[in-house]
Amino acid sequence: MSASSSAGGGRVRRLSWPGRAGHGFVAPYVVLLIAFGLVPTIYAIYFAFTDASERFAGLSNFATAATDFRFLPAVGHVALYLLIWLVSLVVLVVGLALLLHGLAARAADRALRFLYYIPGALAGAASAMVWLFMLDPTVSPVGFLLRASGLGTFGQVIAPGHLPILLAVIAFWTGAGGWIVVMYGALNNISADVLEAARIDGAGPWQIARHIQLPLLRKWIVYMVILSFAAGTQLFVEPQLLSQASNGVAGRDYSLNQLSYDFAFQNDNVGSAAAISVELLVVGLVVAGLFVARSGFFDAD
Amino acid sequence: MTDKVRADGARRAGKSRRAALAALGAAVTLAAATACGGGGGGTAGAQGGGFRQEPQKNDGPLTVWVDSTRLAAAQLYQKQHPAVKMDIVTYDGDANGSNYLQTKVSLFNRTRKGWPDVVFSSQNNEASWAVPAGFTAPLNKGLIPQSTLDGWAHGANDPCTVNGTVYCLRNDLSQTVLWYNAGLMKKWGYKVPATWEDYRALGEKVATEHPGYIVGSAGDAFTPEIYMWASKCGANQITGPKAVTVDTMSANCTRMAALLDTLIKNHTMSMSSVFSSDFDKNQAGRILMLPGPSWFGGALFQGTFKTPAGQIAVAPMPQWSGDPTPTVGNVGGGTWLLSAHSAHLKAGVDFLTWVTTANDYQGKLAPGYPANAAAAKTWLENQASSHYYAGDITGPLQTAAGQVWSGWGYGQFSQEAIWAATVTTGVTAGKTIVSLLPAWQNAITNYARSDGYKVGR
């Protein structure tokens with residue numbers, strides 16, 4: 001029944017709806033999304049609600065994870081890291097993009113755009129490795145800066161109190177370049193007429209940025225915050241590598257994802273590991289939902 | 001009209017999407033159930049050697065996982081036994097508690113295939129998880145004759161033994177001794193300390209007479225295994241498969257913690273890891289004494305620091321004066337595991353026996369002190385004939401091999417990682433080790449509980 005009706009509907013669609021090619025382009029992505037996005041998610045949800053012998057376990061996996069002595073500290077670590085990182089990301093990325101746009105039509109602009117983007121070309125683990133060298137005063141090219149601030153050894157640099165800032169710096173260095181280029185593109189989309197009209201009305205660069213460019217960038221900023229929030233809650237590679245490089249001095253059990261990893265592979269408790277990842281999924285979805293709803297992200301212009 | 005059709009279509013699409021999702025979910029669940037259920041109804045294996053064996057095969061390669069240091073062993077075996085088909089895989093050897101092996105085995109346990117036949121691990125606590133995971137084959141229930149097993153140094157296979165069953169073979173011993181620079185000692189007229197009291201006194205003397213020189217290092221994650229273990233500190237008394245007694249505030253612990261605090265304060269005890277670039281650059285050339293495991297000689301002095309021959313000598317680990325039973329610590333000492341899932345048990349046992357006992361490898365090539373006593377004898381003769389060390393290293397190393405304090409166990413949780421995160425960070429922040437002992441106790445208790453241990457005091 002459904003086959004015949006969809007065949008009938010197809011004919012109607014072929015006439016009224018020319019977007020078929022688009023579906024063709026999206027289809028491979030959908031396949032990958034199902035294989036590597038949806039199926040693992042469902043698998044994780046299944047694990048989160050079952051025990052080792054595959055019986056329904058209610059919320060006991062969530063309780064085990066939440067009452068573990070590492071859970072609350074990890075939540076605190078990730079929250080502090082997110083706060084520092086997201087604020088610096090929004091302020092610096094938007095600021096740098098505006099400055100870059102102000103430079104337009106000069107050679108410096110093109111060179112800087114390239115420069116900002118380079119670190120982003122390094123994969124996550126590789127960039128964390130670069131920072132392991134940067135942070136060791138003995139071998140770091142900026143060792144004099146570290147020593148000048150009273151940090152003579154690697155151990156002092158990676159003291160627990162420094163970690164949120166260090167991780168935010170690493171994440172900014174690797175991730176911000178791409179966003180600066182995106183923001184720059186968004187700024188280029190703002191009609192020159194609008195800017196010229198503002199200038200004729202006597203608006204300076206500051207007023208143009210404050211009253212025209214920033215409001216028009218708002219959706220892009222929301223987009224950046226949503227994606228960066230989701231990525232930031234998944235913090236894993238940087239502290240994990242740091243912990244291996246420092247032989248466990250810093251970064252062990254630091255983030256929620258590390259705790260999930262430990263549950264799965266050290267404590268042999270896949271259920272609680274899945275419970276943490278499901279919690280992260282829910283938090284990410286709720287925050288994205290809030291931002292989308294409050295910012296009118298999908299409203300047509 | 002168009003609008004209505006589109007709305008209708010959307011609703012229909014929504015419904016079918018939901019249905020598809022539900023179907024997908026069901027399929028995944030089903031796949032998971034069958035995947036995990038497969039184990040129970042699997043092929044009936046033969047019962048022998050004290051465990052359920054897989055059907056054995058004569059063809060197919062023997063898969064061996066080794067770290068880069070032990071690669072030479074596997075390659076030499078292959079060279080001497082060209083008839084054996086081998087698949088040699090290098091991995092990180094689980095170094096620094098990377099848990100790579102445990103991670104992989106738990107994945108293989110899920111997929112019910114993929115286990116290597118023989119694995120080398122640089123960690124000595126693998127039995128603590130590998131036995132409950134059903135990965136290791138019992139070795140003293142028919143696979144390896146007891147007469148062969150008796151050839152290991154006293155207590156060497158303790159980390160491999162659970163309730164009397166041996167589940168792995170120790171590759172090397174890592175008994176601690178006192179490494180020192182014989183030339184400097186003589187030049188400055190110092191006597192090698194036999195007691196910890198003398199050791200501390202010498203440290204204080206060095207601080208005033210030769211500032212910049214060190215008498216030890218406490219910057220590594222294995223610091224507690226050198227000092228606390230040797231001092232009989234009961235921080236890690238594994239009393240059963242899932243039971244541990246932790247008491248870091250006893251006199252045995254505080255006396256050593258106070259000693260370390262004194263020497264850290266006067267800078268004769270380094271707080272940098274001996275493997276760090278900082279240590280190599282600033283301290284490696286100023287070592288007067290360095291308590292540490294047997295492998296410090298080859299791996300550190302000869303390999304990393306490139307100390308010239310004829311300088312480094314070995315003395316017995318200092319003891320507390322008045323203590324009638326001399327004890328030493330232990331840092332690592334790798335293990336070889338045989339998979340219980342192996343379809344090449346005979347070839348696996350042959351390789352395992354060769355690699356742990358053969359003079360060609362353990363006696364002549366191995367970098368560490370062999371756990372097998374006969375191989376250790378050859379190894380020591382080789383070291384002596386190399387003339388790298390100043391004086392005899394055989395006596396102190398052989399004596400120390402039998403003095404590793406048995407009160408420090410081999411639990412699943414990593415004492416090294418706990419010390420690094422709790423005590424090392426605290427000392428770096430300017431606290432004393434004595435003041436950090438309660439935090440250390442607390443951290444061990446927490447990690448032990450999270451691994452399912454019953455913790456007592």
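## A strand pair in chain B

Let us start with one residue pair: in β13(B), Gly240(B) has Ala243(B) as its bridge partner. This is a predicted model, in which local features need pLDDT of at least 70, side-chain atom pairs count only at pLDDT 80 or more, and totals for chains, interfaces and linings use all residues. Residues are numbered from 1 along each chain as its sequence is written, while chains are lettered from A and ligands numbered from 1 in the order in which they are written.

The pair belongs to β12(B) and strand β13 (residues 243-245) of chain B, which run antiparallel and are joined by three bridges. With β19 they make an open sheet of three strands in chain B, ordered β12-β13-β19, with mixed pairing. Its edge strands are β12 (237-240) and β19 (454-456) of chain B, each pairing on one side only. On average, neighbouring strands of this sheet are turned by 30° against each other, direction ignored. A word on terms: two strands pair if DSSP finds at least two bridges between them, and helices (H or I, at least four residues) and strands (E, at least two) are DSSP runs, numbered from the N terminus. Axes are lines fitted to C-alpha atoms, for helices over the stretch in contact, and angles run from 0 to 180 degrees between N-to-C directions.

## Domains of chain B

Chain B is split into domain 1 (49-173 + 332-371) and domain 2 (176-330 + 406-456); such bounds come from an automatic or database domain assignment. Taken over C-alpha atoms, the centres of domain 1 and domain 2 of chain B are 30 Å apart.

Where these domains of chain B touch, domain 1 gives 15 residues and domain 2 gives 14 residues; two residues are in contact if their C-beta atoms, placed from the backbone, lie within 7 Å. The side of domain 1 of chain B that touches domain 2 of chain B has six nonpolar, eight polar and one charged residues. In these classes, Ala, Val, Leu, Ile, Met, Phe, Trp, Tyr, Cys and Pro count as nonpolar, Asp, Glu, Lys and Arg as charged, and the others, Gly among them, as polar.

## Chain A

Turning to chain A, you will find 14 helices and zero strands. Its C-alpha trace spans about 75 × 60 × 30 Å along the principal axes. Chain A is divided into domain 1 (22-58) and domain 2 (69-131 + 162-295), whose C-alpha centres lie 26 Å apart. Eight residues of domain 1 of chain A are in contact with seven residues of domain 2 of chain A. On the domain 1 side, the residues of this contact in chain A divide into five nonpolar, two polar and one charged.

Helix α11 (residues 205-233) and helix α14 (residues 270-295) of chain A pack at an angle of about 170°, with their axes 9 Å apart. α11(A) and α14(A) are therefore roughly antiparallel to each other (angles under 35 degrees count as roughly parallel, over 145 as roughly antiparallel, 65 to 115 as roughly perpendicular and the rest as oblique). Among the residues that meet are Val222(A), Ile226(A) and Phe229(A) in α11(A), and Leu280(A), Val287(A) and Phe291(A) in α14(A). The residues of this contact comprise ten nonpolar, three polar and two charged.

## Confidence

The model scores ipTM 0.80 and pTM 0.82. Chain A has a mean pLDDT of 86, with 92% of its residues at 70 or more; pLDDT is the predictor's confidence in each residue, from 0 to 100. In chain A, pLDDT is below 50 over residues 1-10, a stretch with one contact in the model beyond near neighbours in sequence.

Chain B averages a pLDDT of 87, and 89% of the residues score at least 70. Over residues 1-44 of chain B pLDDT stays under 50, and the model has 18 contacts for them beyond four places in sequence.
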